[in-house]
Amino acid sequence: MGLDSPIPARPSATHLRLLRNLTEAVGISGSEAQVREIVRAHVEPLADEIRTDAMGNLLVIRKGPGRRRLRVMLAAHMDEVGLMVVSVGSEGELKFERVGGLDARQLVGKPVWIGKDRLPGVIGGKPVHLTTREERKQTTKVESMGIDIGVSKKEAAEGKITPGTGAVFATSFRRIRGTLRAKALDDRMGVAILAELLEHPIEGIELQAAFTVQEEIGLRGAQIAAHTLKPDVAIALDCTPARDLPTWDGEENTQYNARLGHGPAIYAADGRTLAHPGLLRHLVDTAETAGIPYQIRQPGGGGTDAGAIHLTREGIPSISVSVPARYIHTACSIAYVSDWRNTVRLVHAAMSTMTRSALRR
Amino acid sequence: MQELIQRLVEAFGPSGKEDQVRDIVRGEIEPYVDEISVSPLGGLHAIVNPGGGTKIMVAAHMDEIGVIISHVDGNGFARFHKIGGVFPQTLVGHRVRFEGDVTGVIGAEASVEIGDAPKLAEAFIDFGASSVAECPVRVGDLGAFTRPFVKLGNRYVAKSLDDRVGVAVAIEAAKRLRNSPNEVQFAFTTQEEVGLRGARTSAYGLDPDVGIALDVTRTGDTPKGIKMAIELGGGPAIKVRDSGSLSDPRVVDLMVRRAEAAHIPYQLEVLQAGTTDATAIQLTRAGVPVGVISIPCRYIHTPSEMVDAGDVENSVKLLVEILKAPVTLDRE
């Protein structure tokens, strides 16, 4: 492929801006509206049909030319892991709970944005001078943490924030040559890829783009989106951890999950899904024919929207493809521009050559 | 039946790669059923008397536990992840097979003390290769444990009797049944060992009135064994409950009545850890009354599972008794 692919190898200014806006948006599970509006603004002119369903999934249909089109559902989740304010303490500090898989050790000392207006705050931490040897060995409990928003009275904080408001790490997007640094690349990267793919209608394909909600708390949005869309085939577009740095003792790293710079990570198996063997074959063949680098994500735990989608109704042939990123579910993740672009190219090429024969087991 | 069971247990079929087993099942059952199809998740649906009477789904899973390759190192050793409930103590020294007749042996890092079971991350598969290029597998390849079938006295010993013995019982029942006043939906399901996945989508598609799963269950009859009133040779176990489902009392009652009327020995089963396809079937759509015929089995999820030939035969008889007469579940 290469030359005849309509997908540029370098990201356009538009797509970089889209990814920036998406990663800087505030959108914990259940509060995805800000992300949804950014997506909607980009895809509305491209859509044959567009609607927001009962849970907040944004479902967008784009039909390519031709008849008897294969219905391909691509899912990318709009939500991110984060915090939810549960109450205001006596000194105006905000008590919170975690939403989705967040390590308590990642929280203390981090600046955050609260609510859709991105009110700044910081998760307070005790200066090291004042800690005891015993305290330094232990993880601070989430119940004892608070977000400081620079007020000293309970009433002052209550005027700004109500319980249920979401908060996320305050990390701005940066591109440093071939590297992207941002929060929430899981899965705003997938969202950006899906929004871009809607720009390219494909002959014989009805693209059913599902920008899903509540993935991080149990693949909830994808379950109902798949029930509504009844696709012939589904691909979840997600972001998977790359733990690819050398091991401390110099031994070969055998447990890296995925590696930066090795291309899109195609799934054979994770904790929730065994990939459809025909689709796995099709994606690998497509990558090899088109000369697109790829890797098989290490089989293991974890799950994507495919885990919910493939068990919908009579069953839907499904697979996942992820962009690898280091340090996801922390304040700051790192991905490669090349893996991003190669993932767009692979999924586009795979849809362009997909027929019902790919659904044979 | 012994020959059929041997062929089924020696077939290769880890969860997600059940096609070899499916081909055997199709070859055996096709002449005895009216309709046959393959589901999107690879399950085989074989229907007797479509459109007639109560729709009874009879589920037996084709898949077995196994392994999946996660990394091949510079010296040709492969790391792996488990598929389904693989016990760490069944790893070292055991052999695993992959498609294309590739066999490997499992070893463990030296940091694992003699007598300890390795963690999954400490074990590897040796294919007799000494480089990545020589290694015959790649990341994502599925494998399964391998061990020949043997008969010890009146007992069958093999890997994957869980649940190929259930598959054999369903096939044999279909052959003896010939016809039924019910619509009998034999569903040979996939991906049970990783979370009852194939049964869930098959049940949605088949939309049955009653669901019966055929699977193995544990026994309490070995030295210092678990406390459980199930023994090898005592007849099929009619499940009352397990950790995933409570059988519908009307289905339990029906099974007991048909067993007694035909003088088939049976045992009532309460299993404290483990579950079957019935759990997924029960919660499908608006709900399905379910029951389970369990074949008592020792050493489940090891390469040497053991069942009693008499229990297998009586399980077939009980299933045929249930299916050959009209099934109605009255509300008490």
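A: Let us begin with what covers the buried residues of H6(A) in this predicted model. The cover includes strand S2 (58-63), strand S3 (70-77), strand S12 (205-212), strand S13 (233-241) and helix H8 (306-309) of chain A.

Q: Which residues of helix H6 (residues 220-229) of chain A are buried?
A: They are Arg220(A), Gly221(A), Ala222(A), Ala225(A), Ala226(A) and Leu229(A). Just after this helix, Lys230(A) takes a positive phi of about 45°.

Q: What is Ala75(A) in contact with, leaving aside its neighbours within four places in sequence?
A: Ala75(A) is in contact with Ala210(A), Thr212(A), Ala222(A), Ala225(A), Ala234(A), Ala236(A), Leu237(A), Asp305(A) and Ile309(A).

Q: Which residues touch the most other members of the largest nonpolar core?
A: That core has 203 residues, and Leu74(A), Ala75(A), Leu194(A) and Val169(B) touch the most other members. Its largest share, 10 residues, comes from H3(B).

Q: Why is H2(B) called roughly parallel to H3(B)?
A: Helix H2 (residues 19-29) of chain B and helix H3 (residues 161-177) of chain B pack at an angle of about 15°, with their axes 10 Å apart. Angles under 35 degrees count as roughly parallel, and H2(B) is therefore roughly parallel to H3(B). The crossing of H2(B) past H3(B) is right-handed. Val25(B), Glu28(B) and Ile29(B) of H2(B) make the contact with Val167(B), Ile171(B) and Ala174(B) of H3(B). These residues divide into 5 nonpolar, no polar and 1 charged.

Q: Why are H1(B) and H3(B) called oblique to each other?
A: Helix H1 (residues 2-10) of chain B packs against H3(B) at an angle of about 140°, and their axes are 9 Å apart. Angles over 145 degrees count as roughly antiparallel, those of 65 to 115 as roughly perpendicular, those under 35 as roughly parallel, and the rest as oblique. The two helices are therefore oblique. Here too the crossing is right-handed. H1(B) contributes Leu4(B), Ile5(B), Leu8(B) and Val9(B) to the contact, while H3(B) contributes Leu161(B), Arg164(B), Val165(B), Val167(B), Ala168(B) and Ile171(B). By class, this contact has 9 nonpolar, no polar and 1 charged residues.

Q: What makes Thr276(B) count as buried?
A: A residue is buried if 20 or more other C-beta atoms lie within 10 Å of its own. Thr276(B) has 29 such neighbours, and therefore counts as buried. Thr276(B) is found in the loop between strand S15 (267-270) and helix H6 (277-282) of chain B. Not counting residues up to four places away in sequence, Thr276(B) touches Ala213(B), Asp215(B), Asp242(B) and Val292(B).

Q: Why does Ile106(B) count as buried?
A: Ile106(B) has 20 C-beta neighbours inside 10 Å. The definition asks for 20 or more, so Ile106(B) counts as buried. Ile106(B) lies in strand S7 (residues 102-108) of chain B. Beyond residues up to four places away in sequence, Ile106(B) touches Leu91(B), Val92(B), Gly93(B), His94(B), Val96(B), Ala123(B) and Ile125(B).

Q: How many residues does each chain give to the contact between chain A and chain B?
A: The contact takes 17 residues from chain A and 24 residues from chain B. The side of chain A that touches chain B has 8 nonpolar, 5 polar and 4 charged residues.

Technical notes. Residues are numbered from 1 along each chain as its sequence is written. Chains are lettered from A and ligands numbered from 1 in the order in which they are written. This is a predicted model: local features need pLDDT of at least 70, side-chain atom pairs count only at pLDDT 80 or more; totals for chains, interfaces and linings use all residues. Axes are lines fitted to C-alpha atoms, for helices over the stretch in contact, and angles run from 0 to 180 degrees between N-to-C directions. Helices (H or I, at least four residues) and strands (E, at least two) are DSSP runs, numbered from the N terminus. A crossing is left-handed if the near helix is turned anticlockwise from the far one by less than a right angle, and right-handed if clockwise. Two residues are in contact if their C-beta atoms, placed from the backbone, lie within 7 Å. Ala, Val, Leu, Ile, Met, Phe, Trp, Tyr, Cys and Pro count as nonpolar, Asp, Glu, Lys and Arg as charged, and the others, Gly among them, as polar. A nonpolar core is a set of buried Ala, Val, Leu, Ile, Met, Phe, Trp, Tyr and Cys residues joined through C-beta atoms within 7 Å. A residue is buried if 20 or more other C-beta atoms lie within 10 Å of its own, exposed if 12 or fewer, and partly exposed in between; C-beta atoms are placed from the backbone.
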